[in-house]
Amino acid sequence: MFLFLSKLLPIFIYPLGLSSLLMLVALVILWKRPRWAAAVISLAWIILLLGSNGWVAQGLVRSLEWQNLPATQLPEADAIVVLGGAVKPAISPRPWVDVSEAGDRILHGAQLYRQGKAPFLILSGGRIEWKGGGPAESEDMAKIAETMGVPKDAILQDPTSLNTHENAVNVRKILDSQGIRRQVLLVTSAMHMPRSLLIFKRQGIQATPAPTDFLVSEQELQEINSSWQSTLLNILPDADNLQQTTKALKEYIGLVVYRLRGWL
């Protein structure tokens, strides 16, 4: 039930869901309290406008992504841990497993293995039956890793994790059961890294951040104010900006919820 509620309730805090809820309230009270309805509609409009604004979106994303910028030279570790949430199963009409934008995770993890950063690649991620379904994501990530040249006997899988807390708990169990020291390179999206590091630390795992999947680069920050065309486009509502704002808010909400549950 917690898993379902963790997916459902935040929807009404994100800009799109909150605005939709406010507009529904406005429709209900429109006939009896038109002034109140107008105020509620205006609030919904402001929330959508801010959430889809380029400066707001990039500011929120950067506040998370740039907390753990990758080191120039990552140290060697006892294992490389790649968190799931970026690979789609080979379900028709897909001819093979697909990677989303966050698919950089498994690509980066496999690359680090090939660079000799660790002798093991631990892939952590299951599937929610009512949200995508299919085989465990760890299995799909393993297929990609093997295609990139990672030997099968170097890959360890956690096929049951459904959230970041379970990722950390199950990875700790794998490390202990295999006699691997708890010193790992942690690979996940840069925006997801702050919460992930805290959770892994709570489980007694010494994780060095190896972030990937950056949504905001130095060049993009410079471009946002570089011309009147860029300024105008960042003022106007944009679905991509709205999505980035939502992703950042998801992480901040996750930090609060996980702390309340004692997982951080």
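**Surface and core**

Mentor: The chain's accessible surface comes to about 14200 Å², and 59% of that belongs to carbon and sulfur atoms. Areas are from the Shrake-Rupley method with a 1.4 Å probe; for residues, only the protein chains shown count as cover. This is a predicted model: local features need pLDDT of at least 70, side-chain atom pairs count only at pLDDT 80 or more, and totals for chains, interfaces and linings use all residues. Residues are numbered from 1 along each chain as its sequence is written, and side-chain values use heavy atoms, with hydrogens and water left out.

Trainee: How many helices and strands does the chain have?

Mentor: There are 11 helices and seven strands. Both are DSSP runs, numbered from the N terminus: helices are H or I with at least four residues, strands E with at least two.

Trainee: What share of the residues counts as buried?

Mentor: Of 264 residues, 46% do. Buried means under 20% relative accessible area, with a 1.4 Å probe and protein chains only.

Trainee: Which residues have the most contacts inside the largest nonpolar core?

Mentor: Ile-80, Val-82, Ile-106, Leu-112, Leu-121, Leu-123 and Val-150, in a core of 23 residues. Such a core is a set of buried Ala, Val, Leu, Ile, Met, Phe, Trp, Tyr and Cys residues joined through side-chain atoms within 4.5 Å. The elements giving two or more residues to this core are strands S1, S4 and S6 and helices H5 and H6.

Trainee: And what does Ile-106 touch?

Mentor: Val-82, Val-87, Leu-123, Met-141, Ile-144 and Ala-145, leaving out residues up to four places away in sequence. Contact here means heavy atoms within 4.5 Å.

Trainee: New topic. Which residues of H4 are buried?

Mentor: Gly-54, Ala-57, Gln-58, Val-61, Leu-64 and Glu-65. Down the axis of H4 they fall within an arc of 130°, so they line one face of the helix. The arc is taken from the directions from the helix axis to the C-beta atoms. Their cover includes helices H8, H9, H10 and H11.

Trainee: What caps the N-terminal end of H4?

Mentor: Asn-53 does, with a side-chain oxygen 2.8 Å from the backbone nitrogen of Trp-55.

Trainee: Last one. Is Asn-170 buried or exposed?

Mentor: Asn-170 counts as buried, because its relative accessibility is 17%. Its place is in helix H7. Asn-170 touches Asp-158, Thr-160 and Ser-161, again not counting residues up to four places away in sequence.

Note on methods:
Buried < 20%, exposed > 50% of the residue type's maximum accessible area, 1.4 Å probe, protein only. Polar contact = N/O pair within 3.5 Å; in protein donor to acceptor, adjacent residues only side chain to side chain.
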